[in-house]
Amino acid sequence: NRQTRLKPAGARTVDEITGSRRLRRMRKADWSRRLVQENHLTVDDLIWPIFVIDGKNVREPIPAMPGVFRLSVDLAVKEAERAAKLGIPAIATFPNVDMSLRDQTGSHILDPQNIINRTTSAIKAAVPEIGVITDAALDPFTSHGHDGILRDGIIVNDETVEQVTAAAVLQAAAGADIIAPSDMMDGRIGAIRDALDANGFQDVAIMSYATKFASAFYGPYREAIGTQGLLKGDKKTYYLDHANSDEAIREAEQDLAEGADMLMVKPGLPYLDIIRRLKDEFQVPTFAYQVSGEYSMIKAASANGWIDGEKAMLESLLAFKRAGCDGILTYFAPEVAQMLKG
Ligand code: PBG
């Protein structure tokens with residue numbers, strides 16, 4: 001009969017094959033799945049990146065990032081209040097700087113009253129209980145969209161470090177709790193640590209974008225901060241080659257030796273292997289940046305009805321926890337915090 005044709009004589013039964021181990025046993029019900037769940041996502045894992053822009057009562061949609069806005073400082077403060085109420089531990093701020101203020105060297109980053117510093121002091125004054133993370137990087141301030149001082153077609157390392165270091169001290173003076181240098185210049189962590197300490201900011205921490213890869217996933221962010229049309233060439237002479245993993249270990253090792261308190265991997269989802277390697281190697285607080293392109297892909301596929309956006313969001317965030325992350329920078333932060341609360 002049909003049965004014997006499908007099961008030739010001598011074939012083993014499933015019990016013989018598995019030795020009676022039935023790995024599906026604990027997956028049989030919701031209660032047993034919950035009981036053996038290894039990783040959890042909580043609101044404490046979330047850092048919310050927000051975009052700020054000059055003006056009052058401005059809430060400008062970013063077409064490539066549905067649900068994300070450029071906010072004037074007054075509204076950024078309101079959002080910080082909302083985030084604190086939701087229990088989100090920290091906010092990371094990114095500026096869209098007026099084009100008239102951008103130049104070859106990104107000098108406006110050294111204005112104590114620039115939009116980033118004004119946002120920081122306004123948030124810390126109104127919502128002192130939320131952590132503020134500032135991106136010490138030149139790209140929103142340069143007329144060419146690079147993260148460094150550009151001379152004769154070269155991003156000049158040491159002068160950029162000087163500029164970024166001075167900017168970090170101003171950001172700390174404005175009230176930043178964590179400085180996150182994202183420019184990938186050599187020596188920046190040590191220089192920033194020295195300068196913070198020399199200026200009485202021993203308690204200001206450094207989250208290093210230690211492993212930041214040259215990536216196509218930053219596209220929507222560049223629209224958000226207005227560098228999309230400006231950027232000439234690519235960032236391959238300073239960001240990591242996305243083919244490399246051992247090099248990421250060397251970068252992280254160097255940044256920790258220079259005084260980084262925390263590491264970040266960026267982008268996130270395509271780099272879970274890097275997160276796991278860093279966590280296994282160093283056992284230090286490790287974060288992922290689920291970048292703009294990752295956010296927009298989920299939003300776009302969801303808007304087309306191709307995936308369940310909410311489930312994909314939660315699955316991607318939990319994947320970061322499984323990979324070893326202590327937290328995630330994600331544009332989904334308020335949405336997911338609301339969901340976890342409800
Ligand atoms: C650069 C910077 C980038 C992002 C934040 N700061 C990358 C870049 O433009 O090259 C990307 C964040 C995102 O895509 O969400 N200092």
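Visitor: Why is Asn57 called exposed?

Guide: This is a predicted model, and the label rests on a count. Asn57 has 9 other C-beta atoms within 10 Å. A residue is exposed if that count is 12 or fewer, so Asn57 is exposed.

Visitor: Where is Asn57 found, and what is its phi?

Guide: Asn57 is in the loop between β1 (46–53) and β2 (59–61). Its phi is near 55°, a positive value in a residue other than glycine. Most residues other than glycine have a negative phi.

Visitor: Does Asp152 count as buried or exposed, and why?

Guide: Asp152 has 5 C-beta neighbours inside 10 Å. The cut-off for exposed is 12 or fewer, so Asp152 counts as exposed.

Visitor: Why does His40 count as exposed?

Guide: His40 has 10 C-beta neighbours inside 10 Å. With the limit at 12 or fewer, His40 therefore counts as exposed. His40 lies in the loop between α3 (30–36) and β1.

Visitor: How many residues along the chain separate His40 and Arg322, and what is the distance between their C-alpha atoms?

Guide: His40 and Arg322 are 282 residues apart along the chain, and their C-alpha atoms are separated by 8.4 Å.

Visitor: Which residues carry the "active site" annotation?

Guide: The UniProt annotation "active site", from an unreviewed entry, covers Lys212 and Lys266. They span 55 residues in sequence, yet no two of their C-alpha atoms are more than 4.8 Å apart, so they gather at one spot.

Visitor: What makes Lys212 buried?

Guide: Lys212 has 27 C-beta neighbours inside 10 Å. Buried requires 20 or more, so Lys212 counts as buried. Lys212 belongs to strand β9.

Visitor: Which residues is Lys212 in contact with, leaving aside its neighbours within four places in sequence?

Guide: Lys212 is in contact with Ser182, Met184, Tyr239, Leu240 and Lys266.

Visitor: Is Lys266 buried or exposed, and why?

Guide: Lys266 has 23 C-beta neighbours inside 10 Å. Since the cut-off for buried is 20 or more, Lys266 counts as buried. Lys266 is part of strand β10. Not counting residues up to four places away in sequence, Lys266 touches Tyr209, Lys212, Phe213, Tyr289 and Val291.

Visitor: What kind of peptide bond joins Lys266 and Pro267?

Guide: The bond between Lys266 and Pro267 is cis, with omega about -10°. Most peptide bonds are trans. Pro267 is in the loop between β10 and α10.

Visitor: How do you know that strand β10 is mostly covered?

Guide: In β10 (residues 262–266), five of its five residues are buried. Both faces are covered, with Met262, Met264 and Lys266 buried on one side and Leu263 and Val265 buried on the other.

Visitor: What makes β9 and β10 a pair?

Guide: Strand β9 (residues 205–212) and β10 are joined by four bridges, in the parallel sense. At least two bridges are needed for a pair, so β9 and β10 pair. In one of these positions, Ser208 has Leu263 of β10 as its bridge partner.

Visitor: Why do β10 and strand β11 also count as paired?

Guide: β10 and β11 (residues 286–290) share three bridges, in the parallel sense. The requirement is at least two, so β10 and β11 pair. Leu263 stands opposite Thr286 in β11.

Visitor: What do β10, helix α10 and β11 make?

Guide: β10, helix α10 (residues 272–282) and β11 make a right-handed β-α-β unit.

Visitor: Which residues surround the ligand, and how do they divide by class?

Guide: The ligand is surrounded by Asp135, Ala137, Asp139, Asp147, Ser182, Tyr218, Tyr221, Arg222, Lys235, Val291 and Ser292. By class, this shell has four nonpolar, two polar and five charged residues.

Visitor: How many helices and strands does the protein chain have?

Guide: The protein chain has 13 helices and 12 strands. Of its 342 residues, 45% count as buried.

Conventions:
Residues numbered from 1 in each chain as written. Predicted model: local features only at pLDDT ≥ 70, side-chain atom pairs only at ≥ 80, totals over all residues. Helix = DSSP H or I, 4+ residues; strand = E, 2+ residues; numbered from the N terminus. Right-handed = clockwise from strand over helix to strand, strands pointing away. Near = placed C-beta within 6 Å. Nonpolar A, V, L, I, M, F, W, Y, C, P; charged D, E, K, R; others polar. UniProt positions renumbered as here; feature names shortened; annotations may be inferred. Contact = placed C-beta atoms within 7 Å.
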